Amino acid sequence: MSEQAHAPVAVTGVTGALGSRIAAGLARHGVPQLLIGRRPGQLPELPGAERRGPAAYADAPAMRTALEGASTLILVSGHPTGRRLEEHATAVDAALAVGVTRVLYVSLVGAAPDATYRNARDHWLTERFLAGTGARHTIFRAGFYAATPAALADEELVVRGPGGDGRAAFVTHDDLAAVIEKVALDNGPNSPYDGATLDVTGPQALTLHEVTARIAAATGRPYRYQPETLDEAFARRWRQGTSGEQMESWISWYRAIANGELSTVTDTVPRLTGSPASDASAAGWWPAPNTAW
């Protein structure tokens, strides 16, 4: 680890599944951290880490205060569909204003202006903004999380949606965190990861039938996938009172899988961490049904 890596690293999203793993990994390496959150009392206590906040991405003054003294910002994406660019841009501007010199941003595989998945289009916008700042940065385009189908399941543990027989290279939170940790530790002035976009995926592309079968085997609970047509998916969500924006996000998640837009398998995990990418069944954390954003 270079001398620059000893300057504090600011980590967001630490109360979530990804940010908590990143922060814990950096703590094991003795990296001083600033843990940023809207509810600092809920942030973990880690060796060498200071809890900062309350600070939300959209609150520029609070973010500047929380990020004071950091060298690197690890920006785990916020949740609000349609407002990610504004929130992320505010957070990045605040970071640069107080002297942060590098941003590590968690995006999505397939991020593009014409991506099927609604949120992938949001992420592409943030990527463009970040590139335009001129700051040192690395973009991690994560595959869909292996744990997400469990959160999409209903009370009967059925994952219903218009995903057809498409495939996606689901990635575990642990693998993604390990890749980000590796890059964060390599903070020399000539890091090979500056300006890089890294696609981070699992070891194979799985159908929704296959990934739910793996979740069932790992949990001992009868998760399964039931395909829907677009009309069926729309009608069911409409009856549930889902907003149009959220409906587009939810349906387009499945349609991106059906179209094969997240089926590419990369070697990023083994190449950077030295360990094989984990099978979806090894996610190790399974959210409750009906908890997906």
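Visitor: Which residues are linked with Arg84 and Arg118 in a network of salt bridges?

Guide: Welcome, and please keep in mind that this is a predicted model. A salt bridge here pairs a side-chain nitrogen of Lys or Arg with a carboxyl oxygen of Asp or Glu within 4 Å. Arg84 and Arg118 belong to a network of such pairs, and the other members are Arg121, Asp122 and Glu248.

Visitor: Which helices hold Arg121 and Glu248, and how many residues apart are they?

Guide: The side chains of Arg121 and Glu248 meet in a salt bridge, with 2.6 Å from N to O. The pair links distant parts of the chain. Arg121 belongs to helix H4 (residues 118-133) and Glu248 to helix H9 (residues 244-258), and they are 127 residues apart.

Visitor: How does Arg121 count at 21% relative accessibility, and how does Glu248 count at 36%?

Guide: Buried means under 20%, exposed means over 50%, and partly exposed is in between. Arg121 has 21%, so it falls in the middle class. Glu248 has 36%, so this residue also counts as partly exposed.

Visitor: In the salt bridge of Glu156 and Arg160, which residue is buried?

Guide: The side chains of these two meet at 3.6 Å, N to O. Glu156 has a relative accessible area of 56%, so it is exposed. Arg160 has 15%, which puts it under the 20% limit.

Visitor: Are Glu228 and Arg236 buried or exposed?

Guide: Their side chains also form a salt bridge, at 2.8 Å from N to O. Glu228 has a relative accessible area of 12%, and Arg236 has 17%. Both values are under 20%, so Glu228 and Arg236 are buried.

Visitor: How many salt bridges are there by this rule, and how far apart are the mean positions of the positive and negative charges?

Guide: The count comes to 16 salt bridges. As for the charges, the protein has 26 positive and 30 negative ones. Their mean positions are separated by 2 Å.

Visitor: What radius of gyration does the protein have?

Guide: The chain has 293 residues, and a compact globule of that length would have a value near 19 Å. The C-alpha trace spans about 55 × 40 × 35 Å along its principal axes. The radius of gyration agrees with the globule value, because the protein has 19 Å.

Visitor: What share of the contacts with a separation of 6 or more comes from residues 24 or more positions apart?

Guide: Let us start with the elements of the fold: the protein has 10 helices and 11 strands. Buried residues make up 51% of the 293 residues. For contacts with a separation of 6 or more, the share from residues 24 or more positions apart is 74%.

Visitor: Which peptide bond is cis, and where is Pro54 found?

Guide: The bond from Gly53 to Pro54 has omega near 5°, and it is cis. Pro54 is found in the loop between strand S3 (49-52) and helix H2 (60-67).

Visitor: Leu157 and Asn290 have a positive phi; which of them is buried?

Guide: Neither is a glycine, yet phi is about 65° for Leu157 and about 60° for Asn290. Asn290 lies in the segment after helix H10 (268-273), and its 44% relative accessible area makes it partly exposed. Leu157 is in the loop between helix H5 (148-152) and strand S7 (158-161). At 4% relative accessibility, the buried residue is Leu157.

Visitor: How far apart in space are Ala277 and Leu176?

Guide: Ala277 is found in the segment after H10, and it is buried, with a relative accessible area of 16%. Beyond residues up to four places away in sequence, it touches several others, including Asp175, Thr201 and Pro203. Ala277 and Leu176 are 101 residues apart in sequence, and their C-alpha atoms are separated by 9.4 Å.

Visitor: What does Ala7 touch, not counting residues up to four places away in sequence?

Guide: Ala7 lies in the segment before strand S1 (9-11) and is partly exposed, at 26% relative accessible area. Its C-alpha atom is 38 Å from that of Ser263, which is 256 residues apart along the chain. The residues that Ala7 touches are Pro32 and Ser71.

Definitions and conventions. Residues numbered from 1 in each chain as written. Predicted model: local features only at pLDDT ≥ 70, side-chain atom pairs only at ≥ 80, totals over all residues. Heavy atoms only, no water. Helix = DSSP H or I, 4+ residues; strand = E, 2+ residues; numbered from the N terminus. Rg over C-alpha atoms; globule rule 2.2 N^0.38 Å. Buried < 20%, exposed > 50% of the residue type's maximum accessible area, 1.4 Å probe, protein only. Contact = heavy atoms within 4.5 Å. Lys, Arg positive; Asp, Glu negative; His and termini not counted. Charge placed at Lys NZ, Arg CZ, Asp CG, Glu CD.
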